[in-house]
Amino acid sequence: MVYYPLGVDLSATDELPDAEAVRTAAGTLKDAAQDVYDHVEAAHTTWAGLPGVYDGPGEPALFAAFARPLTDAEDLLGSAETVRTAARALATAITSLKTRRTTLRDTTLPAKEAEVDRATDAADPLHHQLIVALARAELQGIADGIAEDWEAAQDDYDTALDGIARTATDTTAHFDYGTNSAAVSTARELFEAATRPGATGADVSAYYAHLATLTPEQIEALGAAHPETRATAPPLPVTAADLDTFPGGREGAAWWNGLGEEARAALLATLPALVGNTQGVPYATRDAANRTTLALVLDDPSYTAEQRAAYRNIREALLPAGPDSGPRGLLSFSPDGRPLAAVSIGDVDHAGNVTFSVSGMGSGTHNTTGEMDNLQDVYDGLGPGSAAVLWLGYDSPDLPQHLDTAGSPEVLNVAQADVGGTALAHALDGFHETRSAHGDREVPQVNVVAHSYGTTTAAYALTRTEHAVDHFVMYGSAGIDPGAADHASDFNVRDGNVWATLAYKDPWAPIGQVGSFFGDVPRISPTDDAFGARVFSSDGEGNIPGHAGTGHDQVAGSANDDGWGYIEPGSQSYNSIMAILDGRGESIELIGQSRRDTMIEDVTARVRSIEEAYQNVQQGIDDAQLRGNARYDAFQDAVSGYVDRQQDGANAAVDGTQRRVDSAVDRGQDGAGSLIDRLQSGATRHLPGPVSTLVNGGVDAGQSVLDAGIDAGQHVVNRGVDAGQGLVNLAVDGLQGAGHGGLEALQDLGNGGTDALQGGAERVHDGLVEAGKDAVTGTRRVVEHLTRTEGFDVEAAMDRGRKFLDGLNPL
Amino acid sequence: MKYELDVGGMRTLLNTLDTTVLDLPQDVVALEDAVAALKGALGGSRGAARTERLGEDVLGPDGLAVVVRCENAAAAGRGVLDAVVDGDERMADDARAKAS
């Protein structure tokens with residue numbers, strides 16, 4: 001907000017429209033409606049001749065066929081007249097308001113301020129404040145009155161327009177004619193096919209080919225009947241393969257050059273978004289077309305507030321910075337989705353040296369004015385006959401601080417750079433072929449300068465172009481996909497003119513590179529000596545004068561502060577880049593690689609040493625486990641051998657006892673048997689029959705008793721032996737169980753220790769990884785905050801960082 | 001044949017009519033551009049958006065309705081002419097009925 005004396009706020013009327021422009025535009029609107037009416041009236045007049053040549057049924061209705069449209073045209077004219085009247089009234093109010101505002105600002109305010117100064121010179125402090133407050137209240141009242149009248153004037157305008165309603169009713173077209181002709185319908189169908197999601201190059205080519213067959217009237221009919229065709233740009237190629245199938249500059253130039261003048265004029269007026277985004281069409285024509293598209297979509301409520309804000313920003317960016325600052329042009333403009341554009345300074349159709357600038361994360365048409373301020377610095381540093389192009393033709397990643405809110409990690413990934421790279425390749429080849437296609441022009445020196453994530457995007461582009469560019473300069477790179485280019489020689493750039501620089505105090509570029517390791521593709525630094533680019537200093541080294549860079553920005557701020565951006569006039573990198581773009585790059589003393597790359601290599605080496613230490617710990621754990629397992633196995637073998645031997649000994653003792661018992665029993669049994677046999681034999685021989693029978697019966701009974709006694713005795717002995725064997729077995733099992741229990745307890749103890757050791761090591765490792773991630777995120781936020789903090793000493797912070805890393809060395 | 005036409009005179013009339021009627025879409029496009037110019041002149045004021053809505057909801061559709069009615073009439077005349085030349089009375093009736 002502009003500050004006015006006494007703190008009066010005039011912001012409500014800061015942007016009053018240009019009254020004369022409003023009057024003129026309102027007149028043009030009325031004239032356009034008048035043209036409609038005049039032409040319908042002319043048709044009505046012609047039709048009035050019908051009775052002279054027609055004699056058939058239904059004459060009254062047929063003869064009156066033009067009466068209704070004439071009435072409708074008259075009503076349309078009335079509506080336009082109402083708009084003109086309301087707009088004129090608004091313009092008159094604006095003129096008055098501006099006069100009052102100017103008087104207040106330039107006369108009343110200064111006078112009052114002087115009056116207050118005089119009155120307060122001799123006043124006490126309290127009185128002084130009272131005088132100032134009263135004066136401020138009085139003047140603010142006047143300012144508020146102007147603002148209220150401005151609101152009232154707008155209310156009147158809105159009310160007048162609210163009173164305008166449809167007068168004609170829609171009707172169906174019955175014939176293959178005019179807006180309903182087959183050719184127009186086909187064009188509409190091909191338009192839809194060409195602009196649907198996933199449209200192919202063949203779809204787009206078919207639309208162009210059909211348009212070339214239309215008459216100027218049919219082209220106008222297409223735009224009138226299908227307004228959506230007017231402000232919709234043809235789609236861009238998305239993949240590298242699309243570049244082979246989508247119409248490029250060569251095809252576009254052939255198409256445009258094959259059209260008649262009237263068809264070109266009709267296309268330019270009717271389908272401006274098509275003409276303005278067709279490679280091969282001269283850039284001055286594209287500029288005119290895109291400005292028409294921009295006017296069509298401005299303030300259109302069918303677009304989002306963000307889109308409309310971007311349109312306004314683009315319109316503002318098209319205003320030249322000054323009388324000698326070079327004309328600006330809108331070389332491409334696609335209003336749908338995230339609005340895309342390319343804005344130029346200088347005569348792109350004829351310039352001998354054209355530089356395309358590709359911005360990085362956070363850039364976009366929402367800040368076209370800021371980006372154009374940066375481009376103006378580049379343009380101003382180029383020689384006469386040069387031009388510069390701000391290419392905002394891709395959906396660049398959001399700023400990473402959105403991680404806190406929207407959670408956008410886009411910059412860590414390459415998807416947007418990949419798609420954007422295709423679109424940029426299309427634009428660069430389109431430029432080459434446009435200039436080649438027009439006989440009076442030659443292909444000039446073409447340069448590409450890219451910043452931050454723009455280098456990631458441009459790197460893809462320059463591996464996909466058909467035509468080489470002359471210089472490619474990368475500054476503050478967020479890293480290059482090595483899958484696209486792992487060496488500068490992979491780029492389609494003439495004579496090895498691939499240049500790169502990275503300021504030591506740029507905190508973002510290294511974060512973009514290192515952070516990509518958490519994204520989809522780990523990216524590499526183009527200022528690393530291994531990449532093979534011509535690396536020049538932004539830190540004051542070498543022979544190019546200028547201030548060392550102080551951060552990641554292209555322009556760090558005003559000329560009076562201590563910040564120096566990469567393309568800020570006065571910085572060393574700006575001076576070097578201008579020398580390169582001017583073809584004097586050979587005079588620059590190169591450095592092997594940026595200091596940042598050296599530092600990153602140091603950090604990487606330290607991280608690797610931590611990783612190696614972790615691997616060593618893991619290896620030690622594995623070795624210890626292996627040794628423990630071997631000892632366990634040997635101990636188990638020893639225990640098992642001992643138990644087996646003890647069991648064998650016990651078994652042998654039991655078996656021996658059993659054998660001895662059995663032998664004794666057998667001998668006893670045999671002896672008793674022999675004695676009994678002898679007794680029975682003697683009794684039989686020496687005793688009478690009945691007595692012998694009695695004796696033998698007694699002997700048999702005695703033998704039975706003896707056998708039973710022996711059996712009982714043997715049973716007792718056997719049970720004793722079995723019990724002994726059972727005891728032995730129990731003892732052996734107990735011994736063996738004790739051995740196993742001991743071993744398992746030992747094993748559990750060993751495993752527990754190993755697991756604990758391993759878990760500890762993994763937690764340390766995971767902790768290091770998480771700490772690394774947190775450090776990256778935290779560093780991003782902290783650095784962002786600190787770089788905005790006055791007096792922040794980046795060098796001292798880096799020293800602290802180095803000491804911290806040194807502290808990690810014991811690991 | 002109930003239709004009696006001066007075929008040459010009718011053809012001349014229709015050719016003249018075509019020149020005018022087929023140019024009408026250009027006027028509608030110009031009307032839309034004029035709306036865009038007015039809202040552009042109104043800058044960031046709320047009148048700009050109001051003007052855009054008027055163009056999109058009223059002026060544009062009214063203009064297109066006028067064009068379509070004129071096209072229907074002119075094409076009906078040519079349809080009658082072509083049908084009569086071909087001796088197809090039914091087609092001529094059909095074309096005549098669609099003149100508005």
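Biologist: Which residue is the bridge partner of Thr355(A) in strand 6 of chain A?

Modeller: Asn447(A) is the partner of Thr355(A) there. Bear in mind that this is a predicted model, where local features need pLDDT of at least 70 and side-chain atom pairs count only at pLDDT 80 or more, while totals for chains, interfaces and linings use all residues. Residues are numbered from 1 along each chain as its sequence is written, chains are lettered from A and ligands numbered from 1 in the order in which they are written, and side-chain values use heavy atoms, with hydrogens and water left out.

Biologist: What makes strand 4 and strand 6 of chain A a pair?

Modeller: Strands are DSSP runs of E with at least two residues, and helices are H or I runs of at least four, both numbered from the N terminus. Two strands pair if DSSP finds at least two bridges between them. Strand 4 (residues 353-358) and strand 6 (residues 445-451) of chain A run parallel and share 6 bridges, so they qualify.

Biologist: And what makes strand 2 and strand 9 of chain A edge strands?

Modeller: The open sheet has 8 strands in the order 2-3-5-4-6-7-8-9 (chain A), with mixed pairing. Strand 2 (328-334) and strand 9 (534-535) of chain A each have a single partner strand, so one side of each lacks a neighbour in the sheet.

Biologist: How do strand 1 of chain A and strand 1 of chain B pair?

Modeller: Antiparallel, over 2 bridges, with strand 1 of chain A covering residues 54-55. Asp55(A) has Glu4(B) as its bridge partner in strand 1 of chain B.

Biologist: Why call Glu32(B) and Arg230(A) a salt bridge?

Modeller: The rule wants a side-chain nitrogen of Lys or Arg within 4 Å of a carboxyl oxygen of Asp or Glu. Here the closest N and O atoms are 2.8 Å apart, so the pair passes. Chain B and chain A have 8 salt bridges between them. Helix 3 of chain B gives the most to the side of chain B that touches chain A, with 31 residues.

Biologist: How much do chain B and chain A bury between them?

Modeller: About 6400 Å², 67% of it on carbon and sulfur atoms. Buried area is the accessible area (1.4 Å probe) that two parts lose on being put together, summed over both. The contact (heavy atoms within 4.5 Å) takes 75 residues from chain B and 83 residues from chain A.

Biologist: How do you know that helix 4 of chain A has about the expected span?

Modeller: The expected span is 1.5 Å times one less than the number of residues. Helix 4 (residues 125-162) of chain A has 38 residues and reaches 54 Å from first C-alpha to last, close to the expected 56 Å.
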